Amino acid sequence: MPNDITVILADGDFPQTPVPLKTLREAGFVVCCDGAAASLTGLGIIPDCIVGDLDSLPEKFKERFSDRLVHVKDQETNDLTKAFNFCCRTGRKNIVILGATGKREDHTLGNLSLLSEYAKAVPEIKCVTNYGVFHIVSVPGKIPSHPGQQISIIALTPDAEVSSEGLKYPLDRLVLKHWWQATLNEALGDSFSLDFPEGVRLLVFQEHKKSERI
């Protein structure tokens, strides 16, 4: 059965570890953000589509992939958002973002903040890095994990009150005023749960297993 995952490959740190590499190789459709296409071909994979303002795509790749370029001139959005909007317009909902972190810290922060906006249209969207997975949690409940998995929780909603079960350092109606307050925690078992009021949005990071980070 064909894999229905659509990968958006941004032009940050290229996948290096097993989880993002496996996701990239098995994706059913790969959308590159502009210059990321050059890195992708180095892995022997041909992009299905290249989206962006195309300012960082070398001319030889523009010629080679002229049949799959989507030139978006809009300067109010970055290339990642251009690629995401393209996926939404073409009905692609099972989306994994790769390469959105690294190289420049300001780009990393911007891309992670955008994940919350994307999740309003595609709730299951996630950002996979060489070290772990970022995803948005907006509904209280259980989250799959593994014992010893490093967990960080960042409130994107001001003064979010969060409680937890199944974490080494429990959150008991903790009001998250700062991003650092609920970072560097640890899962105790195969799942943990988060409880919070309606309207709260959390950015959750879950580390890959150690065997998947080398």
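Q: Helices (H or I, at least four residues) and strands (E, at least two) are DSSP runs here, numbered from the N terminus. With that settled, where is Y131 found?
A: Y131 is in the loop between β6 and β7, the latter being residues 132-137. This is a predicted model, where local features need pLDDT of at least 70 and side-chain atom pairs pLDDT 80 or more, while totals for chains, interfaces and linings use all residues. Residues are numbered from 1 along each chain as its sequence is written, and side-chain values use heavy atoms, without hydrogens or water.

Q: Good to know. Is Y131 buried or exposed?
A: Y131 is exposed, and its relative accessible area is 56%. The cut-offs are under 20% for buried and over 50% for exposed, with partly exposed in between (1.4 Å probe, protein chains only).

Q: And how far is Y131 from Q206 in C-alpha terms?
A: Their C-alpha atoms are separated by 8.6 Å, although Y131 and Q206 are 75 residues apart along the chain.

Q: Let's zoom out. How many helices and strands does the protein chain have?
A: There are five helices and 14 strands in the protein chain. Its radius of gyration is 18 Å, close to the 17 Å from the globule rule for 214 residues, so the chain is as compact as a globular protein of that length. That radius is taken over C-alpha atoms, and the rule is 2.2 Å times the number of residues to the power 0.38.

Q: What box do the C-alpha atoms fill?
A: Along the principal axes, the box is roughly 55 × 35 × 35 Å. Of the 214 residues in the protein chain, 48% are buried.

Q: Over to α4, residues 79-89. Why is it largely enclosed by the rest of the structure?
A: Because eight of the 11 residues of α4 are buried. They are D79, L80, T81, K82, A83, F84, F86 and C87. Their cover includes the strands β1, β2, β3 (49-52), β4 (69-71) and β5, along with helix α5. After α4 comes G91, with a positive phi near 80°.

Q: Which residues of α1 are buried?
A: In α1, which covers residues 18-26, the buried ones are P20, L21, T23 and L24. They sit on the same side of α1, because their arc around the axis is only 160°; the arc uses directions from the helix axis to the C-beta atoms. Among the elements covering them are β1 (6-9), β2 (29-33), α2 (36-41), β5 (95-98) and β6 (126-128).

Q: Last one: which helix holds G110?
A: G110 is in α5, residues 105-121. G110 is partly exposed at 26% relative accessible area.

Technical notes:
Contact = heavy atoms within 4.5 Å.
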